[in-house]
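Here is a short report for a first look. Please view the sequence and the model, then read on.

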Amino acid sequence: MQIDTYLRQLSNNRCSPQGHLAVNIHGSHLPLWQLALTKWQDVPIHYVHLRRQNTIAQAISLEIASQSGAWSSDFAAQQTEPVYRFETLVDRCNRIFLERLKLEGFCQSQQITPHQVWFETMVSAPDEVLMDAFGVAESELRAPQPNRLKRQRSPLNAQWEQRFLNDLEQLDTTRLGSVFNQPHIPEQLTLWQRGLRKLRRIVK
């Protein structure tokens, strides 16, 4: 499908009654978003940076969803239980950091100052977020609608999070090379290793 056709269909079918269109962008989507911007040069755009306060919990949710195939309650989970792997979760956290860096780099290069919103706040106080971050008037707020999607977090998430924190606390980050069968070169830490050290600082 041509980009012009796609954007036109978005505008025609996904706008709110007030004419607002929300687009969810991850760092990996930026090339397509930049292409869309060439077609929307006259469209006023308001940027909101939605973040999770708990990166570890976000990484765990992503990994469990990836292994189970249950990306939401609309998807049937596979019969086999997801398998915990410390290294895989660190990689997930690192990818989240990298996606965030891509978005921050884009905003800096375009001199954009996005409105910062925490996901947890949006869940607990959606009306306040809509009015503050998105400029929705109180008169435009709708009564709460039944949500067909169910909460995905389960006791397994909590178990993995505690196990991950324990593994992270016990890991000697000065010996990352030997832990993962790589030569230890402190001055040439990989992005993966820097992400792991950042995680330890966050936990502390």
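## Overall picture

Of the 204 residues of the protein, what percentage count as buried? The figure is 29%, where buried means under 20% relative accessible area with a 1.4 Å probe and protein chains only as cover.

This is a predicted model: local features need pLDDT of at least 70, side-chain atom pairs count only at pLDDT 80 or more, and totals for chains, interfaces and linings use all residues. Residues are numbered from 1 along each chain as its sequence is written, and side-chain values use heavy atoms, without hydrogens and water.

## Fold

The protein has 9 helices and 2 strands. These are DSSP runs: helices are H or I with at least four residues, strands are E with at least two, numbered from the N terminus. Their order along the sequence is α-α-β-α-α-β-α-α-α-α-α.

Contact means heavy atoms within 4.5 Å. Among contacts between residues at least 6 apart in sequence, 73% join residues at least 24 apart.

## Around His49

His49 lies in strand β1 (residues 48-51). His49 counts as buried because its relative accessible area is 11%. Beyond its neighbours within four places in sequence, His49 touches Arg100, Glu104, Pro114, His115, Gln116 and Val117.

## Val123

Val123 sits in helix α5 (residues 119-124). Val123 is exposed, at 54% relative accessibility; exposed means over 50%.
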